[in-house]
Amino acid sequence: MKKITVAFFVLGALMAKAQDVQNDTIKSNSIEALKESVDAHSMKFEGLEERLATSDADLAKLTKIKVSGYIQAQYDMYDTWTFDGVHGINSSSTSAPITNSFFLRRARIKFAYEALDGVKFVLQPDFAFDKVSLKDAYVVLNDRWTKTFSLYLGQFDRPNYEVEYSSGSMEMLERTKMAGILYPGEKELGAKLEANFDTKYNFPLKLQLAVMNGNFNLGTTANQTKDVDNTKDVMARAVYSVKLPNAGLGIDFGGHGYFGKTEVMPGTALTGFTKADGTAFTPVVGDKLDKTWLGAEMQIYYDLLGGMALKAEYISGTMSGVGSTSTYVNYNSGFKVAGLRDFSGYYATLIKNIGTKNQFIARYDEFDPNTKLSGNAVTNANDLKYNTLTLSWQYFYDENIKIVAGYSLPVNEKTTGITSGDFANRDKTDNQFSIRIQAKF
């Protein structure tokens with residue numbers, strides 16, 4: 001056995017020696033090839049690591065993007081009565097007015113991206129069947145040190161409670177007539193500074209100051225992309241909160257002011273201007289008409305039988321409009337005047353939770369576009385005062401879907417000063433019933 005083992009070792013040594021002598025250059029080439037192979041694999045692993053690192057970076061960016069949105073689809077029924085007294089049919093026309101319709105009220109998606117600590121981008125388009133419009137597009141710079149201040153730049157909500165309250169969270173189907181006229185489209189282009197002293201100092205005070213172009217949703221789209229004059233409008237708002245947890249009570253109250261001008265531009269038709277009392281006047285190009293008002297607000301939340309809330313706001317001031325022969329440069333589609341108007345308006349909304357899935361809402365609002373004239377002294381339909389009672393019921397199907405049924409009963413003041421049309425000494429029949437399904441994510 002020992003002899004056989006020794007023989008194997010000797011044979012192996014001889015073969016190895018012969019291999020070294022005969023294939024010395026081959027061995028050298030094999031090592032180099034092995035090195036190249038190892039290096040190649042190493043580079044592949046390094047490339048894989050780079051790709052993984054890039055993927056991680058891309059994934060980290062994606063995690064900073066927050067996407068939300070909602071669709072509001074509804075069915076409307078309109079109570080119409082034409083001025084000639086024929087219900088649903090205008091005898092002077094071959095067509096009948098629309099009494100019911102399916103309607104896509106809103107279809108929006110919101111992208112919020114927090115690029116760096118304290119820097120945020122927000123983009124929100126609104127989709128309609130025939131167009132896509134831009135609702136929000138702004139950058140936010142947040143104070144990294146005191147966690148108190150935020151600077152907005154771009155297109156954002158005007159600083160008003162009803163305007164800033166999300167359309168997807170509103171208890172009512174629509175905002176008040178007052179909000180629609182004073183803040184058309186809700187948005188504005190400009191800069192806004194916010195200070196919230198509750199985040200760090202536990203002092204429940206919020207301040208807002210905005211400097212804006214002042215012509216958003218006024219006139220043609222071309223007039224909205226940039227400012228139409230050199231003047232800027234300013235808004236300021238302050239809100240203070242009181243919390244009484246032992247009593248189950250919370251109260252937010254505050255106020256805001258709007259300070260702006262409507263400038264008479266070249267090409268304006270300088271006729272037909274009237275003051276609030278109906279007095280005619282003729283401005284000149286360059287004149288700046290007052291556009292200022294003040295408002296007070298309050299929201300009360302009370303833990304009673306499942307929870308309830310009472311929200312109210314009052315605004316009063318001066319509104320102005322300027323018209324031209326072809327288009328309105330500084331013109332509000334709901335405030336069709338060329339001149340000055342003293343106005344006032346308010347609303348009060350009661351919200352009551354019914355169990356965990358239902359909510360009853362009642363709102364009464366009033367808007368008087370011309371407080372100087374009333375009754376038979378009113379000769380223009382745009383000066384008529386409106387009182388509107390709106391009732392609504394919300395059912396929360398789940399966390400993402402709610403069903404809303406609402407009935408709106410607007411009543412305009414009567415006047416003998418208007419002798420023709422839908423407002424000829426009577427209340428225009430324009431009640432509306434709507435059923436809406438909202439899907440939100």
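Q: Is R108 buried or exposed?
A: A residue is buried under 20% relative accessible area, exposed over 50% and partly exposed in between (1.4 Å probe, protein chains only). In this predicted model, R108 has 9% relative accessibility and therefore counts as buried. D126, at 12%, is buried by that rule.

Q: Which side chain meets that of D126 in a salt bridge?
A: A salt bridge is a side-chain nitrogen of Lys or Arg within 4 Å of a carboxyl oxygen of Asp or Glu. D126 pairs with R108 at 3.3 Å, N to O. Because D126 lies in strand β3 (residues 119-127) and R108 in strand β2, the pair ties together parts 18 residues apart in sequence. Strands (E, at least two residues) and helices (H or I, at least four) are DSSP runs, numbered from the N terminus.

Q: How many salt bridges are there by this rule?
A: The count comes to 18. One of them joins E188 and R158 (3.7 Å, N to O). That pair links distant parts of the chain, with E188 in strand β6 and R158 in the loop between β5 and α3, 30 residues apart. E188 is buried at 0% relative accessibility, and R158 is buried at 3%. D233 and K291 form another, at 3.0 Å, N to O. A network of salt bridges links E164, K192, E194, R237 and E297.

Q: What lines the second largest pocket?
A: Rolling a probe the size of a water molecule over the atoms shows where empty space is left. On a 1 Å grid over the protein atoms alone, a pocket is an open set of points where a 1.4 Å probe fits, with protein on both sides within 12 Å along at least five of seven lines; lining residues have an atom within 4 Å of a point. Here the lining has 23 residues, and K110, Q124, D136, D157 and S166 lie nearest the centre. It divides into seven nonpolar, five polar and eleven charged residues.

Q: Where does pLDDT stay under 50?
A: pLDDT is the predictor's confidence in each residue, from 0 to 100. Where it is low, the predicted coordinates should not be read in detail. The chain averages 82, and 77% of the residues score at least 70. Residues 13-28 stay under 50, and over residues 83-92 the pLDDT is below 50.

Q: What rules apply to numbering and atoms?
A: Residues are numbered from 1 along each chain as its sequence is written, and side-chain values use heavy atoms, leaving out hydrogens and water. Local features need pLDDT of at least 70 and side-chain atom pairs 80 or more, whereas totals for chains, interfaces and linings use all residues.

Note on methods
Contact = heavy atoms within 4.5 Å. Nonpolar A, V, L, I, M, F, W, Y, C, P; charged D, E, K, R; others polar.
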